[in-house]
Structure formats: structure tokens, C-alpha cells
Amino acid sequence: MIFVTGGAGFIGSNFILDWLALGDEPVLNLDKLTYAGNLNNLARLKDDPRHLFVQGDIGNRALVARLLEQHRPRALLHFAAESHVDRSIDAPDDFIATNINGTFALLEAARAYWQDLASAPKSAFRFLHVSTDEVYGTLGPGDPAFTERTAYAPNSPYAASKAAADHLVRACHHTYGLPTLTSNCSNNYGPYQFPEKLIPLMIANALAGKTLPVYGDGQQVRDWLYVGDHCAALRRILDAGRPGEVYNVGGHNEVKNIDVIHTLCDLLDTAAPRAASYRSQIVHVADRPGHDRRYAVDAGKLQRELGWAPAASFASGIANTARWYLEHRAWAADIASGAYRNGHPHARAAP
């Protein structure tokens with residue numbers, strides 16, 4: 001069995017769905033079900049005995065310790081995080097509580113569990129911490145891409161909280177020997193992404209006839225990573241990554257935000273045409289405070305050492321993503337219309 005935190009969120013739910021589609025090893029899924037946690041993402045696993053869901057907080061060390069002792073997982077994959085930059089600017093407290101304090105509590109529980117394992121399972125155990133390229137700060141137009149040796153320079157409360165979590169994971173390995181792995185990924189996109197992030201937000205607003213707000217001049221560059229490729233990278237890191245190492249995961253797709261939005265509008269013009277192009281809904285708004293100008297990720301280490309490379313181009317990934325949202329309008333409508341109240345979903349936790 002593997003233990004996944006944050007498995008009802010965007011990347012976590014995609015990972016679990018892929019994991020169980022490719023094999024039969026069970027998954028223990030711990031998720032607090034904050035506003036972005038949605039059990040509907042995992043609806044196809046509702047009666048699947050390989051998926052055990054527990055609603056709870058990673059900061060509850062006693063709960064995590066009990067789950068570890070009861071289910072004896074061979075690995076822990078840590079996806080749970082507050083992740084939206086705008087929210088971190090407006091209300092950073094939750095980011096400190098979850099991303100820093102929660103990660104520390106999880107590490108302490110995992111360390112105590114690992115230290116008591118017998119020799120063989122102790123040697124095989126892994127703690128995989130899923131992080132972000134935002135810890136590295138921003139790049140100029142001609143700067144080389146982020147590598148695993150790039151100095152940390154976080155520019156938002158979100159990025160700073162993830163940087164702190166990364167350092168705690170590193171310290172736990174070097175001080176106590178816990179066999180940790182860290183991945184720092186670029187901008188993910190794909191099915192089940194909560195519609196506050198750029199791509200699902202633009203699709204939802206476009207279809208609803210709302211404006212498509214673009215921060216500043218829209219020239220900010222991101223490296224776009226299709227979530228299915230990210231999940232494949234994480235499986236490979238879990239399988240063959242060296243304890244204590246960091247692996248950058250990128251899509252090799254640097255695209256400006258305005259070009260992402262133009263591409264989505266053009267796809268929607270074909271798939272769901274209206275009298276006027278969806279581009280007519282684009283409006284430029286005041287830029288986000290401290291908005292990083294460019295991210296680019298060098299995933300060469302992951303390719304050289306572990307043989308992973310992204311399979312999706314931006315053209316194929318964005319087309320798949322737009323098609324998925326068009327075919328799953330009810331999923332987005334549930335979020336917008338009251339399936340979530342006061343920031344929390346109505347979905348019931350499994351016993």
C-alpha cells in the first residue's frame with residue numbers, strides 16, 4: 001500500500017486514478033477536503049476496495065501516526081498543500097499552517113513510523129514530497145532554466161511556504177536519515193483542476209460569457225506540464241529516485257499567459273462556436289503583486305538519471321484539457337452552484 005496526502009485535489013486525484021489504472025496496489029488517501037478537495041474527482045473509485053479515503057488534517061500527528069501503524073504503507077506521497085498564489089497574498093496564514101507546520105507534523109509522524117520498521121521495509125520506505133518551481137523565484141528572458149542547484153528565491157507567501165517545506169524535508173533526510181525524495185514541478189494543467197487556476201478559469205468564464213481577465217500585459221511565461229506527464233514522473237521518481245535527491249519536473253513548454261488564453265479561445269471557437277470569437281471577452285487587469293515574470297524548468301536530471309520525458313506537447317495537452325472541460329461541464333457547475341458551501345464540499349468521507 002502507498003499513503004497519499006491531498007489525494008482529492010487536482011494533482012493528487014489524477015495521480016491516484018492513474019496509479020490504480022496501472023496496477024492493483026492499494027492507496028490510502030488522507031485529505032482535509034478544503035475548498036479545492038473534491039471527492040467527485042475520484043467518483044469512479046467510489047466502490048473500489050483499493051482506494052481507502054480518510055478525511056483529516058496532515059497536521060494531526062496522532063491521526064497520521066495511527067494510519068501509518070494500521071496500514072503499514074511502503075511509501076508516503078505528500079501532495080497536500082495550499083497552492084493558489086492569489087490566496088496566499090490575501091490570507092497567508094493557511095499557507096503557513098498547512099505547507100510548513102503540516103509538512104513538519106507529517107515528517108515527524110513518518111520518521112517515527114520509519115524508525116520502528118524492520119530492516120527490509122525500512123530500507124525500502126520512501127517519503128516523496130511534491131513541490132513547485134516557484135521556490136526558485138523568477139527568471140529574466142535570457143536566463144537559463146531552473147535546475148536542482150538553483151538558489152531558492154521565493155517571491156510570494158505560497159512560494160515561501162513551499163520553500164520552507166522543501167528545507168524541512170531535506171533536513172529530515174540529512175539529520176535523521178529518512179529516505180526522502182523531492183520533486184519541483186512547473187505549472188500543471190489538465191482534468192480536475194480547481195477553476196481558480198488560469199486554464200480552467202478561462203474555460204469556465206468563456207463558456208459563461210464572462211470576461212477573461214489577464215494580469216498586466218499577459219507576457220508572463222510559464223513552463224506548462226500536463227498532469228498525466230507529472231504523474232508518470234512521480235511514479236518513476238518513487239520507483240528509482242535516490243533518497244535525499246531533488247528532481248525537477250518540467251513540460252518543456254514555455255508559453256506566455258496571453259498565448260495560453262488565445263489558444264483556449266481558438267479551441268473553443270471551433271468546439272463551441274458563438275457569433276463572436278471568445279477572444280473578444282479578454283480584458284487586461286492590474287497585475288498581481290510580486291508577479292514572477294518567467295519560470296522555466298530544466299528536467300534534464302530526471303531524464304538522464306531516471307529516463308523520464310514528457311509525452312504531451314502543449315498543443316496536445318491543451319486540446320485534451322479543453323475537450324475534457326467541455327465534456328465535464330457538470331463537474332465545474334457543481335463547484336460553481338453550491339456543491340461547495342463556505343469553502344467546503346458536501347462530499348462524505350468514507351468511514
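Biologist: Where is L33 placed?
Modeller: In this predicted model, L33 sits in the loop between β2 and β3.

Biologist: Is L33 buried or exposed?
Modeller: L33 counts as buried, because its relative accessibility is 2%, and the cut-off for buried is under 20%.

Biologist: What is its phi?
Modeller: The phi of L33 is positive, about 60°, although L33 is not a glycine. Most residues other than glycine have a negative phi.

Biologist: Which value does the phi of Y192 take?
Modeller: Y192 is a residue other than glycine with a positive phi, near 70°. It is found in the loop between β7 and α7 (198-207). Y192 counts as buried because its relative accessibility is 11%.

Biologist: Changing topic to the core: which residues touch the most other members?
Modeller: F15 and L77 do, in the largest nonpolar core, which has 68 residues. Helix α1 (residues 10-22) gives the most to this core, with 7 residues.

Biologist: And what is F15 in contact with?
Modeller: Leaving aside neighbours within four places in sequence, F15 is in contact with I2, V4, L77, F79, C231, L234 and R235. Apart from this core lies another of 23 residues, and L28, V54, L68 and F125 are among them.

Biologist: Back to α1. How many of its residues are buried?
Modeller: Helix α1 is mostly covered, with 10 of its 13 residues buried. They are F10, I11, G12, S13, N14, F15, I16, L17, W19 and L20.

Biologist: What covers them?
Modeller: The cover of the buried residues of α1 includes the strands β1 (2-5), β2 (27-31), β3 (51-55), β4 and β7 (187-189), together with helix α8 (227-240).

Biologist: How far apart are the end C-alpha atoms of α1?
Modeller: They are 19 Å apart. This agrees with expectation, because 13 residues at 1.5 Å a residue should span 18 Å.

Biologist: What about the span of α11?
Modeller: Helix α11 (residues 314-327) has 14 residues and should span 20 Å at 1.5 Å a residue; its end C-alpha atoms are 20 Å apart, so the two values agree. The buried residues of α11 are F314, G317, I318, T321, A322, W324, Y325 and L326.

Biologist: Next, H84. Where is its place?
Modeller: H84 is in the loop between β4 (75-78) and α3 (85-90). It counts as buried because its relative accessibility is 9%. Leaving aside neighbours within four places in sequence, H84 is in contact with Y35, F95, E196 and K197.

Biologist: And V85, which helix does it lie in?
Modeller: V85 lies in helix α3. With a relative accessible area of 9%, V85 is buried. Leaving aside neighbours within four places in sequence, its contacts are E134, S156, Y158 and R288.

Biologist: How far apart are V85 and I282 in space?
Modeller: They are 21 Å apart, C-alpha to C-alpha, and 197 residues apart in sequence.

Biologist: Last topic: how many residues line the second largest pocket?
Modeller: That pocket is lined by 20 residues, and E148, R149, R170, G244 and V246 lie nearest its centre. About 490 Å³ of space lies in the second largest pocket.

Biologist: Which elements give two or more residues to that lining?
Modeller: Those elements are α6 (157-176) and β6 (180-185). Helix α6 gives the most, with 6 residues.

Biologist: How do the lining residues divide?
Modeller: The lining of the second largest pocket has 6 nonpolar, 8 polar and 6 charged residues.

Notes
Residues numbered from 1 in each chain as written. Predicted model: local features only at pLDDT ≥ 70, side-chain atom pairs only at ≥ 80, totals over all residues. Heavy atoms only, no water. Core = buried A, V, L, I, M, F, W, Y, C linked by side-chain atoms within 4.5 Å. Buried < 20%, exposed > 50% of the residue type's maximum accessible area, 1.4 Å probe, protein only. Helix = DSSP H or I, 4+ residues; strand = E, 2+ residues; numbered from the N terminus. Contact = heavy atoms within 4.5 Å. 1 Å grid on protein atoms, 1.4 Å probe; cavity = no way out; pocket = protein on both sides within 12 Å on 5 of 7 lines; lining within 4 Å. Points joined across faces, edges and corners; volume = space filled by probe spheres on them. Nonpolar A, V, L, I, M, F, W, Y, C, P; charged D, E, K, R; others polar. Expected span 1.5 Å × (residues − 1).
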